[in-house]
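Here are my notes on the model, point by point. Please read them with the structure open.

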Amino acid sequence: MRPWLNHHVRIGQQSLGRITANPIAAWMTITVIAIALALPASLYLLADNLLKLGDYWDGDTSISLYMKPGSNSTATQTLAKQLEHRADILSVNIISSAQALEELQQQSSLSAALDILDENPLPDVIVVKPQITSDDPLVLNKLLNWLNSLPELDMTQLDRDWVERFNAILNLSRTGIFLFAALLGLGVLLVIGNTIRLEIQNRKDEIEITWLVGGTTGFIRRPFLYSGFWYGLLGGLLAWILVGLVWLLLKTPVRDLSSTYQSTFSLSPLSVSASLSIITVSAILGLAGAWLAASYHLYRNTDLNQYY
Amino acid sequence: MINFEHVSKRYPGGMDALLNINLQINSGQMVFLTGHSGAGKSTLLKLIALIETASRGNVYLDGENLNKAKHRNIPYIRRKIGMTFQNNQLLFDRTVFDNVALPLIVCGYSHRDLGRRVRAALNKVGLLSKERRNPITLSGGEQQRVGIARAIVNKPKLLLADEPTGNLDPEMSAEVISLFSQFNQVGVTVIIASHDLQMISRLPYPALTLQQGQLV
């Protein structure tokens, strides 16, 4: 067991040493790998953050009920009472037309324009929070249908519509990122494979002689597998650093943007598990690329008939 | 130890390197293999070392039919054989010591045993003082001896040498041949391919002569 372990440690050190002995070429390979991985990882970071943004509003589903114009506040009160008794409604909140006007005057630059109006153009609004016991959309649909049939109402608006659309877009973009990542992962595989192919060509003599003195295919392949592993690992680490830089650069602008929406939302960095995944996937891709290249080119290049 | 039964080797392109070879070499023998270049000497050695496989007939090594050896077993069969090459096949990116150690590393020897055995082999070929040198700084004869040290470091029962005196002057050739006879004296079977008929005729060992792929 111990000589075996020693052998692996030695081979691992030697292949790392071979990579660092040629730093410019190694850096180029590692940087290509890192960029290829940092692209989908950064997109993932953004999508993940947008998803949190969606979750933030998801529990806040509410239905705004707009009273018919000209209806008086007693009608609004009566309807509100009626709604409060329903089991599928959690809370009822009235925004009277006067309140709405006042808020509008405070918040918007329209106050001057509003001042010249003779009467309040805004209807009373009842904001209803439905009791969502499950994710069953049918319950909500039933409530909506019933609300839509009420003669007192001008229109109903479910505030969740956009959240659903937002989530659908996010799901779509997550699928897109996955496909994008798969393509770039394939690119990483090929980059590493090609690097290993060059290394095999450069070390042809050593491979042939090792083969002649009784080295097994596994023994000959091993240093190249370690090379691929190191390239993948270092590329993954650099990709992680690049994503970290993207986060650092975007953090402040995002906070500034969200503060204009009175939101405390801030861009979260990559989670520990996502970071580990990037590095692990990269190392595995390196190993796999090296294995493919070594299996293919060693069998072709150790056909010793032509060299001996 | 080695048996050829109706062995032919045809290379792609239709060139017959060996034609219907029958021969037997017993354990402990030292044999010269001679003939003009292109007569099939190297091919015959390659068949024994499993660098090539016979197109027809059977090659036996220690009773094992090499034609039926599985690809993954080839390295293990080769470890029983020490071989030196015409161009020495040394690696110039490492020391003499590391070159000689390669067959042991391949077998998974621990570092401690390795040093002892490599130095014993280097001592036998008289190059112990040059273990830290790069082989490219050595003379042709010394490089040949590094190749021999690498071939014997594993203590093989069979030693194959392809033109070991090819590029050496007569004095150095004699030294190298005397090394091989020393190994033979301790029981190693030795097969030396050489076209140096003058040298061979002065030595007391049997010679097999190949002519256009056939034994004469």
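1. Asn22(B) is in contact with Phe4(B), Glu5(B) and His6(B), leaving out residues up to four places away in sequence. Contact here means C-beta atoms, placed from the backbone, within 7 Å. Asn22(B) sits in strand β2 of chain B, residues 15-25. Helices (H or I, at least four residues) and strands (E, at least two) are DSSP runs, numbered from the N terminus. Asn22(B) counts as exposed because it has 11 C-beta neighbours inside 10 Å. The cut-offs are 20 or more other C-beta atoms within 10 Å for buried, 12 or fewer for exposed, and partly exposed in between, with C-beta atoms placed from the backbone. Asn22(B) also lies 9.3 Å from Gln214(B), C-alpha to C-alpha, across 192 residues of sequence.

2. A word on the basis of these notes. This is a predicted model: local features need pLDDT of at least 70, side-chain atom pairs count only at pLDDT 80 or more, and totals for chains, interfaces and linings use all residues. Residues are numbered from 1 along each chain as its sequence is written, while chains are lettered from A and ligands numbered from 1 in the order in which they are written.

3. Please check the backbone at His6(B). Its phi is positive, about 50 degrees, although His6(B) is not a glycine. His6(B) belongs to strand β1 of chain B, residues 2-11. With 12 other C-beta atoms within 10 Å, His6(B) is exposed. Asp62(B) has a positive phi too, near 55 degrees, and is a residue other than glycine. Asp62(B) lies in the loop between β4 (56-61) and β5 (64-65) of chain B. Asp62(B) is partly exposed, with 13 other C-beta atoms within 10 Å. Most residues other than glycine have a negative phi.

4. Which residues touch the most other members of the largest nonpolar core? They are Val100(B), Ala149(B), Leu159(B), Leu160(B) and Phe180(B), in a core of 103 residues. Helix α9 of chain A, residues 217-260, gives the most to this core, with 14 residues. Apart from this core lies another, of six residues, including Leu65(A), Leu79(A), Ile126(A) and Leu147(A). A nonpolar core is a set of buried Ala, Val, Leu, Ile, Met, Phe, Trp, Tyr and Cys residues joined through C-beta atoms within 7 Å.

5. Val100(B) deserves a look. Its contacts are Val118(B), Ala121(B), Leu122(B), Val146(B), Ala149(B), Arg150(B) and Val153(B), not counting residues up to four places away in sequence.

6. Helix α3 (residues 96-106) and helix α5 (residues 140-152), both of chain B, cross at roughly 35 degrees, and their axes come within 7 Å. Axes are lines fitted to C-alpha atoms, for helices over the stretch in contact, and angles run from 0 to 180 degrees between N-to-C directions. From α3(B), Val96(B), Asn99(B), Val100(B), Leu102(B) and Pro103(B) meet Val146(B), Ala149(B) and Arg150(B) of α5(B). By class, the residues of this contact are six nonpolar, one polar and one charged. Ala, Val, Leu, Ile, Met, Phe, Trp, Tyr, Cys and Pro count as nonpolar, Asp, Glu, Lys and Arg as charged, and the others, Gly among them, as polar.

7. α3(B) also packs on helix α4 of chain B, residues 111-124: the axes come within 9 Å and cross at roughly 120 degrees. Phe97(B), Val100(B), Ala101(B) and Leu104(B) of α3(B) make this contact with Leu114(B), Arg117(B), Val118(B), Ala121(B) and Leu122(B) of α4(B). The contact of α3(B) with α4(B) has eight nonpolar, no polar and one charged residues.

8. In chain A, helix α1 (residues 2-21) packs on α9(A) at about 60 degrees, with the axes 9 Å apart. α1(A) and α9(A) are therefore oblique to each other. Angles under 35 degrees count as roughly parallel, over 145 as roughly antiparallel, 65 to 115 as roughly perpendicular and the rest as oblique.

9. Finally, the interface. Chain B puts 16 residues in contact with 15 residues of chain A. On the chain B side, α2 (74-78) and α3 each supply at least two residues. That side divides into eight nonpolar, three polar and five charged residues.

Conventions. Contact = placed C-beta atoms within 7 Å.
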